[in-house]
Amino acid sequence: MTNQAFILLCMVVFGVVGTCRGGSLRKGYYKDTCPDAEEIIKKATEKHVANDPTLPARFLRMHFHDCFVRGCDGSVLLNSTTNNIAEKDAIPNLTLAGFDVIDDIKAEVEKKCPNVVSCADVLALAARDAVSFKFQTPLWEVLTGRRDGRISRISEALANIPSPLSNFTALVRNFTSKGLNVHDLVVLSGGHTIGVGHCNTFGNRLYNFTGRSDQDPSLNPTYASFLKTQCKNLSDNTTFVPMDPGSALTFDNNYYVTVKQNKGLFQSDAALLTNKGSRKIVDELLDSKKFFTEFAQAMKRMGAIGVVTGNEGEIRKKCFVVN
C-alpha cells in the first residue's frame, strides 16, 4: 500500500487525521487541558503581525519546511548542538525568520498552561493566524494534537525540502513521498503569493541557465530584465525580491496570474506550466474563490504529514531545545 493510500485509509476508517500514528489530530484537542490555548496563540500572533507584516509569509514557509522534514513535529525550531547540526542550519532554512516570535508565542501559552501545548501546534496555528490576520477570519482549519519530535538533522532538511531549482518530475516525486499529489503541489505553490526570494535561488535563470552564461528562455524577457537590475550576479545571496511582484504582502491568487505570464520567480514555479495536468490546475486557480477553498484543504492535508501524536515525542517547554 502506498503512503498516500495509507493516509486515505486512516481518514476514511477513523474520520480524523493522524489516528494511524497512535493518537489523533482533531478539532479542539486542548479544550479540556488548555481551553484558551488557540485564543492565546491567535492574540499573540496578531500582536506581532500588526507590527511586522512580513511574518505571515515567514510563518507559512517555516510551517511548510517543518512538515516536509520528519513531518509536522516542530523539528525545524530546534537549535544545533555541539553534537548535531539541526535542520535550522541547512541551506534552505538559513533564510527562515521569526523563530524568536514563535518562542515568544509559546512562552505566552506556557504562562497559562505549562507543558501542555506542543511547539508543533503553536507553529501550525501561528502560520494560519498570521496569514488570516488581514481577513479577520481563519482561512483554514488547523486540527491539533501534534507532539514535538526530538530529532532534527541538517541532512534530512537537505534531502526533503523541495528546491526552487526543481523541475516538475522532481517536485511530484517530493510531494508524493509526503502523501500529497499534483493538485496539492500546485495549490500549495500558491503560498508564493506572499514573501520574497533571494537572488541566489533564481539567479541561474538570469545568468547561467544551461551553464553557457544564458538566460532561461521560459522566463518573461521584460521581467528578466527587471530582475537583473536587482540581482547583479550569481553570487548575490543577500538581495531579495517579491515572489509575487506587487503583491508580496497580500495573500491572494495573483501568483497564478504571474505564473501564466511566465513571471514565476523560481524554476519550480515555471515547472507548473510544463505539464498539461498542472497547467489545467493553474488555470482553475485563477478563480479566487476556488483558490481559497482549495488552499484551505491542501493546508489541512499538509499539516497532517507524519505527525507525532499519542505518547510519542514530547511537549517542549522551549521550542528551540529538547526537554
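How many salt bridges does a search of the whole structure find? It finds 18, where a salt bridge is a side-chain nitrogen of Lys or Arg within 4 Å of a carboxyl oxygen of Asp or Glu. Before you click, note that this is a predicted model, where local features need pLDDT of at least 70, side-chain atom pairs count only at pLDDT 80 or more, and totals for chains, interfaces and linings use all residues. Residues are numbered from 1 along each chain as its sequence is written, and side-chain values use heavy atoms, with hydrogens and water left out.

**Stop one: salt bridges**

Select D36 and K112. Their side chains meet in a salt bridge, 2.6 Å from N to O. D36 is in the loop between helix 1 (3–14) and helix 2 (37–51), while K112 belongs to helix 4 (residues 99–112), so you are looking at a link between parts 76 residues apart. Helices here are DSSP runs of H or I with at least four residues, strands are runs of E with at least two, and both are numbered from the N terminus.

Next, pick K300 and E141, another salt bridge at 2.6 Å, N to O. K300 sits in helix 14, and E141 in the loop between helix 5 (119–132) and helix 6 (154–160), 159 residues apart. K300 is partly exposed, with a relative accessible area of 32%; buried means under 20%, exposed over 50%, and partly exposed in between, using a 1.4 Å probe and protein chains only.

**Stop two: aromatic rings**

The whole structure holds 15 aromatic pairs. Rings of Phe, Tyr and Trp (its six-membered ring) pair if their centres lie within 6.5 Å; planes under 30 degrees apart count as stacked, over 60 as edge-to-face and the rest as tilted.

Select F251 and F295. Their ring centres are 5.1 Å apart with planes at 65°, so this pair is edge-to-face. F251 lies in the loop between strand 2 (240–242) and helix 11 (254–260), and F295 in helix 14 (residues 288–302), so the pair ties together parts 44 residues apart in sequence. Is F295 buried or exposed? F295 is buried, at 2% relative accessible area.

Then show F291 and F292, also an edge-to-face pair: 5.4 Å centre to centre, 65° between the planes. F291 is buried at 0% relative accessibility, whereas F292 is partly exposed at 23%.

To finish, select F135, W140, F251, Y255, Y256, F291, F292 and F295 together: ring pairs link them into a cluster.
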